[in-house]
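Please keep the sequence and the structure in view while reading.

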Amino acid sequence: MGDFAVGSEVGRLRSVLLHEPDLELTRLTPSNVHELLFDEIMWVERAQLEHRAFAQVLRDRGVEVLLLGDLLGETLGDETARKELLDRVVTVDAFGQSLAPDVREWFDALPGRELARYLTGGVIPEDLPFSPKGLVGASFHPTTFVLPPLPNQMFVRDTSAWMYGGVSINPMAFPARRRETLHLDAVYRHHPLFSSGSFPIWYDGGDRYPAVIEGGDLLVVGNRTLLVGMGERTSPQGVEALTRSMFDAGALDAVIAVELPKMRAYMHLDTVLTQVDRDAFVVFNGLRDRMRPFVVTPGSGHLHVEAEDDLFTTLARVLDVPRIRTFETGGNELIAAREQWDDGNNLLAVEPGVVIAYERTVDTNQRLRDDGVEVLTIPGFELGRGRGGPRCMTCPLRRDAL
């Protein structure tokens, strides 16, 4: 398979990690969706079909597709990995003194794949093969989450990010997603695909709040530069920690940090800006003039931070291109707002000038095609309800530098 390395946003994509949604989406109800960071419930079987269609588009372009459910299930076949992960998940704080030992005994007896399904899909009382004891067990209702589900696991972009030869295992901003990171941590440390290699870990996940960072805010723009959004889910503290680690290792020359409004509509940088070619980005015009760049470089003792005026002028200089071509989302302001919400900016490049997009972002896709960008479309009737597009659903493991 070769070493895992991601050297750009748009170089030829070789290998990706996806997570096909499963049991966890069946746990969403109108009363719990917001707590679990969704806006509405999904038709699960249709979402799975759409996700498989997405995976097939990638395979058709020669991209190797690995599925997190498979890798986690295989990882949990290793006793050391299983013990490490379950020690972190099945705690007395999470389950209560009476219930924790019984849950642990049940989990220990499950085959790896089934255990992986419950760890991601969550557990409700009817799943338990025993009668729950103690006050915690007595308080259960049929809809109680014995173990909360992780419906956002399908947005594997966020939980870890491969950049310039190493990986950041990301501490997530919201409690509903923090356990996802444990799964990636277990796979990268114990699955034979990864444990047999050696790679630096730029940032080691876990609970580091408020020094949080999510992969949707990290764009590997090339030329030893990282473009980072700081909004609802990535903090300046998290960016400083990641940046220092990569600077110290000599893996990075500069970070361009951009502040975003702390709003759900713009939850990550890649919901308003993604790269589609070596000199081209698609951008949501409603935020274009509000994304002021800070250029961060190594300093003596402190990081050196320089505020600049225009993001695209800065990007052109750093990427060593005459100017940046931009494609604005949608048509008029109403269409642009709709298509940004429908992930019209959240494009995944499979090679320079070739991107995957939801078919529903009609105007944005046409603008790209009119200017020579090849757009491969996928259905997103159900997947789009999660407010995440093709880039959000993909964790590149190997991508060529430019």
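Leaving aside its neighbours within four places in sequence, which residues is M163 in contact with? Here contact means heavy atoms within 4.5 Å, and the residues are V6, S168, W202, L218, V220, L226, L242 and M246. This is a predicted model, in which local features need pLDDT of at least 70 and side-chain atom pairs count only at pLDDT 80 or more, while totals for chains, interfaces and linings use all residues. Residues are numbered from 1 along each chain as its sequence is written, and side-chain values use heavy atoms, with hydrogens and water left out.

**Nonpolar cores**

- In soluble globular proteins, nonpolar side chains tend to be buried together.
- A nonpolar core is a set of buried Ala, Val, Leu, Ile, Met, Phe, Trp, Tyr and Cys residues joined through side-chain atoms within 4.5 Å; buried means under 20% relative accessible area, exposed over 50%, and partly exposed in between, for a 1.4 Å probe and protein chains only.
- The largest nonpolar core contains 66 residues, and F107, W162, M163, Y188 and L226 have the most contacts inside it.
- Helix α9 (residues 175-190) gives this core its largest share, five residues; helices (H or I, at least four residues) and strands (E, at least two) are DSSP runs, numbered from the N terminus.
- A second, separate core has 29 residues, including V44, V65, F155 and L383.

**The largest cavity**

- Rolling a probe the size of a water molecule over the atoms shows where empty space is left.
- On a 1 Å grid over the protein atoms alone, a cavity is a set of points where a 1.4 Å probe fits but cannot get out, whereas a pocket is an open set with protein on both sides within 12 Å along at least five of seven lines; lining residues have an atom within 4 Å of a point.
- Grid points are joined across faces, edges and corners, and a volume is the space filled by probe spheres set on the points.
- At least two lining residues come from each of β4 (160-163), β7 (218-222) and β18 (395-399), and β4 supplies the largest share, three residues.
- By class, the lining of the largest cavity has seven nonpolar, two polar and four charged residues; Ala, Val, Leu, Ile, Met, Phe, Trp, Tyr, Cys and Pro count as nonpolar, Asp, Glu, Lys and Arg as charged, and the others, Gly among them, as polar.

- The largest pocket holds about 560 Å³ of space.
- Its lining consists of 28 residues, with P148, L150, P175, R178 and R179 nearest its centre.
- α4 (79-89), α5 (92-95) and α9 each give at least two residues to this lining, and the largest share, seven residues, belongs to α9.
- The lining of the largest pocket comprises 18 nonpolar, four polar and six charged residues.
- The second largest pocket holds about 200 Å³ and is lined by 17 residues, of which H19, E20, D22, G69 and R113 lie nearest its centre.
- Two or more residues of this second lining come from each of α3 (68-75) and α7 (112-121).
- The lining of the second largest pocket comprises five nonpolar, six polar and six charged residues.

**N346, a residue in a loop**

- N346 is located in the loop between α14 (333-341) and β15 (348-351), and N346 counts as buried because its relative accessibility is 0%.
- A polar atom of the N346 side chain lies 2.9 Å from the backbone oxygen of D270.
- A polar atom of the N346 side chain also lies 3.1 Å from the backbone nitrogen of G389.
- Not counting residues up to four places away in sequence, N346 touches D270, T271, T274, G388, G389, P390, R391 and C392.

**Helix α13**

- Helix α13 (residues 311-319) is largely enclosed by the rest of the structure, because seven of its nine residues are buried.
- The buried residues of α13 are L311, F312, T314, L315, A316, V318 and L319.
- At the start of α13, a side-chain oxygen of D310 comes within 3.2 Å of the backbone nitrogen of F312.
- D320, which follows α13, has a positive phi, near 60°.

Technical notes: A polar contact is a pair of N or O atoms within 3.5 Å; within protein, one must be able to donate a hydrogen and the other to accept it, and residues adjacent in sequence count only if both atoms are side-chain atoms.
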